[in-house]
Amino acid sequence: MALTKIVKINDKLSWALWKIDVPWTDLLHLLQPNDEEYQLLLKIRHPQKKAEFLAGRLALRDLLASIGIHEFEMYKDSHGKPHIKKYSIHISLANSYPHAAAIVHLESPVGIDIEKPSDKLIRVQHKFLHTSEWEIFSYDLEKLCLAWCAKESLYKLHGRKNLSFKANILVQHLYYPKKPMLEAAIVVADQHEMYTLHIVQEENFFITFNV
């Protein structure tokens with residue numbers, strides 16, 4: 001029941017990883033959430049999902065403490081994007097049992113995701129790969145996982161609903177395994193925003209976040 005790591009990328013960007021190795025009730029005792037967060041927890045039925053919910057917030061708590069923020073309240077906007085009350089910093093959360101991750105950027109929108117390669121990605125690749133991505137990613141399990149992670153990260157960064165993984169988030173360059181990074185774009189109407197995402201491998205999981 002401990003934080004696995006806190007990684008400082010630069011003066012503005014840091015991320016944290018928590019590994020779940022105890023029941024969710026132990027995590028609840030450790031976090032001591034406020035009434036609003038506790039009510040959200042009560043809506044989650046599966047014990048594993050409860051643990052992920054709590055571990056993500058524990059990772060965020062320790063990450064914020066590392067930059068000098070020891071008391072905070074988190075809330076979600078109408079699109080479900082998390083924010084910290086009274087602070088202009090940007091945050092993102094992710095989980096894939098038994099891991100939960102959090103990231104903080106002091107100035108710019110940020111998104112993080114964690115995922116384990118799974119055969120399910122091959123079965124659903126047609127639902128999230130754009131035609132321009134098939135040559136790079138199709139039927140390669142690790143690369144499909146990275147594509148999914150990158151798209152999920154940018155979906156969280158964008159923070160608005162009705163963004164299509166297939167049509168609006170396009171991975172254009174994958175440098176892994178030579179370099180732990182990729183480049184992707186959010187394309188909406190006449191807007192085309194490019195992002196560089198960092199890749200981290202933790203055990204048999206991939207983590208992606210924009211830098």
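Close-up 1. Leaving out neighbours within four places in sequence, Leu182 has contacts (heavy atoms within 4.5 Å) with Leu146, Ala150, Val171, His173, Leu174, Tyr175, Tyr195, Thr196, Leu197 and Ile199. This is a predicted model, where local features need pLDDT of at least 70 and side-chain atom pairs count only at pLDDT 80 or more, while totals for chains, interfaces and linings use all residues. Residues are numbered from 1 along each chain as its sequence is written, and side-chain values use heavy atoms, with hydrogens and water left out. Leu182 sits in strand E9; helices (H or I, at least four residues) and strands (E, at least two) are DSSP runs, numbered from the N terminus. Leu182 counts as buried because its relative accessibility is 0% (buried is under 20% relative accessible area, exposed over 50%, partly exposed in between, with a 1.4 Å probe and protein chains only). Leu197 is 15 residues away from Leu182 along the chain, yet their C-alpha atoms are separated by 5.4 Å.

**Close-up 2. The open sheet around E9.** Here are 5 strands in the order E7-E11-E10-E9-E8, with antiparallel pairing (two strands pair if DSSP finds at least two bridges between them). Strands E7 (112-115) and E8 (169-174) form the edges, each pairing on one side only. From one strand to the next, the twist averages 25 degrees. Zoom in on E9 (residues 181-188) and E10 (residues 191-202), and you'll find an antiparallel pair with 8 bridges. Ala185 faces Met194 of E10 there.

**Close-up 3. Helix H6 across the sheet.** H6 (residues 141-158) lies across E7, E8, E9, E10 and E11 (205-210), and runs at about 150 degrees to E7. Axes are lines fitted to C-alpha atoms, for helices over the stretch in contact, and angles run from 0 to 180 degrees between N-to-C directions.

**Close-up 4. Helices H1 and H3.** The axes of H1 (residues 24-31) and H3 (residues 47-66) come within 9 Å and cross at roughly 30 degrees. That makes the two helices roughly parallel (angles under 35 degrees; over 145 is roughly antiparallel, 65 to 115 roughly perpendicular and the rest oblique). H1 brings Trp24, Leu27, Leu28, Leu30 and Leu31 to the contact, and H3 brings Pro47, Lys50, Ala51, Leu54, Ala55, Arg57, Leu58 and Arg61.

**Close-up 5. Ser14 in strand E2.** Ser14 belongs to E2 (residues 13-19). With 7% relative accessibility, Ser14 counts as buried. Beyond residues up to four places away in sequence, Ser14 touches Val7, Lys8, Ile9, Leu63, Ala102, Ile103 and Val104.
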